[in-house]
Amino acid sequence: MEPMILEYTVSADDFSGAGEASGDVKKTLKSLGFPPEVIRRVSVAMYEAEINMVIHARGGKITVEISPDEIRVCCEDVGPGIPDIDLAMQEGWSTASDKVRGLGFGAGMGLPNIKKYTDYLDIKTVVGQGTTLTMSVAV
Amino acid sequence: MKIREISQLLDAKLYTGEEMLDREVHNGFSCDLMSDVLAYAENEAVLLTGLVNPQVIRTAEMMDIVCLVFVRGKEPTEAMIKLAEERSIVIMSTDKRMFTSCGILHDAGLKSGDE
Ligand SMILES: Nc1ncnc2c1ncn2[C@@H]1O[C@H](COP(=O)(O)OP(=O)(O)O)[C@@H](O)[C@H]1O
Ligand SMILES: [Mg+2]
């Protein structure tokens with residue numbers, strides 16, 4: 001069976017809109033009858049990635065591929081890139097501004113959270129060019 | 001306990017979710033950091049927070065939190081109320097502080113997901 005493909009543009013202009021794409025995916029997965037635990041894992045991981053695109057990378061593009069046995073999420077941005085991925089993966093490491101922290105984010109838990117909730121995570125990043133984060137959750 | 005009891009115990013003002021007041025909830029979580037809610041909340045259906053912005057509603061949505069309590073008299077904006085209504089999330093606001101609110105609810109039987 002062909003996977004169902006959903007595409008989203010994530011804008012960095014409006015912080016309050018961050019999460020719109022993840023919410024839509026959550027709704028779609030629910031309507032398709034996926035198990036609640038799978039839906040929770042996909043939506044939290046994608047939401048963290050969506051927030052990262054907004055607070056660290058001026059927005060980007062998300063593509064979601066839904067198959068009966070796997071949900072794959074690819075987040076692409078043309079932001080500043082991540083100089084040291086090992087450091088970025090550490091709990092508590094964050095370059096977020098005080099403004100972002102005041103909004104409840106920037107605790108450095110996003111990438112570790114994504115790792116925790118997914119079965120596969122790959123981060124390709126080039127400083128000055130952007131970051132592509134691909135993750136998947138097995139059903 | 002029922003969501004209705006939460007609003008009564010905290011003497012809270014209700015903004016959304018009148019029709020959900022009879023729903024049973026068992027666990028609560030309190031935090032101002034949405035990153036921590038996303039990392040540590042388990043099956044908590046109630047979130048008490050002093051943070052007021054639309055991402056609180058979105059975090060609740062992702063975590064299947066059905067009831068949000070804003071403490072210290074903080075009020076949600078119109079945009080937040082709309083987001084919450086669309087997602088069937090109850091919003092209430094209490095004048096009580098965080099510690100007091102958590103204590104009252106815990107005494108009345110609302111537990112933390114890790115207890
Ligand atoms: N898409 C991205 N583009 C550039 N840098 C990023 C991106 N995602 C994450 N980072 C970097 O990795 C760090 C850790 O990310 P994360 O664990 O989500 O924590 P937080 O977002 O709270 O800072 C960020 O502070 C930032 O420096
Ligand atoms: Mg993050």
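How many residues of chain B are in contact with chain A? The count is 22 residues of chain B, in contact with 26 residues of chain A, where contact means heavy atoms within 4.5 Å.

## Basis of the model

This is a predicted model, in which local features need pLDDT of at least 70 and side-chain atom pairs count only at pLDDT 80 or more, while totals for chains, interfaces and linings use all residues; side-chain values use heavy atoms, with hydrogens and water left out. Residues are numbered from 1 along each chain as its sequence is written, and chains are lettered from A and ligands numbered from 1 in the order in which they are written.

## The interface

Together, chain B and chain A bury about 1,800 Å², 49% of it on carbon and sulfur atoms. Buried area is the accessible area (1.4 Å probe) that two parts lose on being put together, summed over both. Of the area that chain B buries against chain A, 33% is supplied by B:Leu38, B:Gln55 and B:Met62, more than by any other three residues.

The rule finds three salt bridges across this interface, a salt bridge being a side-chain nitrogen of Lys or Arg within 4 Å of a carboxyl oxygen of Asp or Glu. B:Arg58 forms a salt bridge with A:Glu20, and their closest N and O atoms are 2.8 Å apart. On the side of chain B that touches chain A, helix H2 (34-40) and helix H3 (54-63) of chain B each supply at least two residues. Helices (H or I, at least four residues) and strands (E, at least two) are DSSP runs, numbered from the N terminus. The largest share of that side, seven residues, comes from H3(B).

## The sheet of chain A

Chain A has an open sheet of five strands in the order S1-S2-S3-S5-S4, with antiparallel pairing; two strands pair if DSSP finds at least two bridges between them. Strand S1 (4-10) and strand S4 (120-126) of chain A stand at the edges with a single partner strand each, so one side of each has no neighbour in the sheet. From one strand to the next, the twist averages 10 degrees.

Strands S2 (residues 60-67) and S3 (residues 70-77) of chain A pair in the antiparallel sense over seven bridges. A:Val64 has A:Val73 in S3(A) as its bridge partner.

## Helices on the sheet

Helix H1 (residues 20-31) of chain A packs on the sheet and touches S1, S2 and S3 of chain A, with its direction at about 160 degrees to that of S1(A). Helix H2 (residues 36-56) of chain A lies across S1, S2, S3 and strand S5 (130-138) of chain A, and runs at about 175 degrees to S5(A). Axes are lines fitted to C-alpha atoms, for helices over the stretch in contact, and angles run from 0 to 180 degrees between N-to-C directions.
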